[in-house]
Amino acid sequence: MEEIKHAHVAEIGTGTKVLFHHGFPQIWYTWSYQMIAVAKAGSRAAAYDFRGYGLSEQPAEPEKGGFLDLVEDTIYCPS
């Protein structure tokens, strides 16, 4: 796995983590209202910008990226 050097993560709340995934070409903010509701319900809401989106770093060779990068980023989400 290519190490993520910088991934922007937005978080709110405490408790069990609920991870939100944005669509393309959107960013974490797509889920901001839902994240607030989840936090008010007692969970920890987190959403990160995928590689090359929003405030996350662009991969060195984005053309070599694929679906497995998305899966790895989700499993090893820095939050």
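Mentor: A residue is called buried under 20% relative accessible area, exposed over 50%, and partly exposed in between. Keep in mind that this is a predicted model.

Trainee: OK, so is isoleucine 36 buried, partly exposed or exposed?

Mentor: Partly exposed, because its relative accessible area is 37%. Isoleucine 36 sits in helix H1, residues 32-40.

Trainee: Switching to rings. How many aromatic pairs are there?

Mentor: Five. One of them joins phenylalanine 20 and tryptophan 31, a tilted pair with 5.2 Å centre to centre and 40° between the planes.

Trainee: Where do phenylalanine 20 and tryptophan 31 lie?

Mentor: Phenylalanine 20 is in strand S2, residues 17-20, and tryptophan 31 is in the loop between S2 and H1, so the pair ties together parts 11 residues apart in sequence. Phenylalanine 20 is buried at 11% relative accessible area, while tryptophan 31 is partly exposed at 25%.

Trainee: Which residues do ring pairs link into a cluster?

Mentor: Phe24, Tyr48, Phe50 and Tyr53.

Trainee: Now the sheet. What is the strand order?

Mentor: S1-S3-S2, in an open sheet with mixed pairing. From one strand to the next, the twist averages 20°.

Trainee: And how many bridges join S2 to S3?

Mentor: Four, and the two strands run parallel. For valine 18, the bridge partner in S3 is alanine 45.

Technical notes: Residues are numbered from 1 along each chain as its sequence is written. This is a predicted model: local features need pLDDT of at least 70, side-chain atom pairs count only at pLDDT 80 or more; totals for chains, interfaces and linings use all residues. Side-chain values use heavy atoms; hydrogens and water are left out. Buried means under 20% relative accessible area, exposed over 50%, partly exposed in between (1.4 Å probe, protein chains only). Rings of Phe, Tyr and Trp (its six-membered ring) pair if their centres lie within 6.5 Å; planes under 30 degrees apart count as stacked, over 60 as edge-to-face and the rest as tilted. Two strands pair if DSSP finds at least two bridges between them. Axes are lines fitted to C-alpha atoms, for helices over the stretch in contact, and angles run from 0 to 180 degrees between N-to-C directions.
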